[in-house]
Amino acid sequence: MVQGVGFRFFAQRSARRLGVTGYVRNLPDGRVEVYAIGQPPQLDSMRAELKRGPHLASISEVAEEEAPVLESYLDQFEIESGGW
């Protein structure tokens with residue numbers, strides 16, 4: 001669970017810096033979903049960034065699960081408008 005402003009922009013900046021593609025979006029229950037595509041070292045670094053979060057965020061948990069690679073997200077990391 002994430003509390004704080006700017007987490008989606010933080011995730012996008014981190015992903016772009018690390019060469020990770022995918023998306024980030026808010027979920028209706030207040031959580032933030034990140035779908036990340038990259039090599040294992042990139043994803044390890046992304047996970048570490050998400051656990052740290054931006055300066056004013058309070059991160060209570062980062063859960064991870066495998067997902068199929070969606071070809072529509074292979075070229076960039078996007079901020080999506082929401083998962084609802």
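Helices (H or I, at least four residues) and strands (E, at least two) are DSSP runs, numbered from the N terminus. The structure is a predicted model, in which local features need pLDDT of at least 70 and side-chain atom pairs count only at pLDDT 80 or more, while totals for chains, interfaces and linings use all residues. Residues are numbered from 1 along each chain as its sequence is written, and side-chain values use heavy atoms, with hydrogens and water left out.

Strand β2 belongs to an open sheet of three strands, ordered β3-β2-β5, with mixed pairing; two strands pair if DSSP finds at least two bridges between them. At the edges stand β3 (32-37) and β5 (77-79), each with a single partner strand, so one side of each has no neighbour in the sheet. On average, neighbouring strands are turned by 10 degrees against each other, direction ignored. Axes here are lines fitted to C-alpha atoms, for helices over the stretch in contact, and angles run from 0 to 180 degrees between N-to-C directions.

Strands of a sheet pair through backbone hydrogen bonds, either parallel or antiparallel. Between β2 (residues 21-26) and β3 the run is antiparallel, with six bridges. Among the pairs, R25 has E33 as its bridge partner in β3, and Y23 has Y35. These two strands form a hairpin with five residues between them, and G30 in the turn has a positive phi of about 95 degrees. Towards β5, by contrast, β2 runs parallel, joined by three bridges; here V24 is partnered by I79.

The side chain of R25 also makes polar contacts (pairs of N or O atoms within 3.5 Å; within protein, one must be able to donate a hydrogen and the other to accept it, and residues adjacent in sequence count only if both atoms are side-chain atoms). One, of 3.4 Å, joins R25 to the side chain of Y23, and another, of 3.5 Å, joins R25 to that of E80. Strand β2 is mostly covered, with five of its six residues buried. Buried means under 20% relative accessible area, exposed over 50%, and partly exposed in between (1.4 Å probe, protein chains only).

Helix α1 (residues 7-18) lies across β2, β3 and β5, running at about 170 degrees to β5. In α2, M46, E49 and L50 are buried. Viewed down the axis, the buried residues of α2 fall within an arc of 95 degrees, so they line one face of the helix; the arc is that of the directions from the helix axis to the C-beta atoms. Their cover includes α1, β3, β4 (58-59) and β5, where contact means heavy atoms within 4.5 Å. On the face turned away from this buried side, α2 carries the exposed residues P40, P41 and R52. Just after the helix, G53 takes a positive phi of about 70 degrees.

Finally, P68 lies in the loop between β4 and β5. P68 is exposed, with a relative accessible area of 59%.
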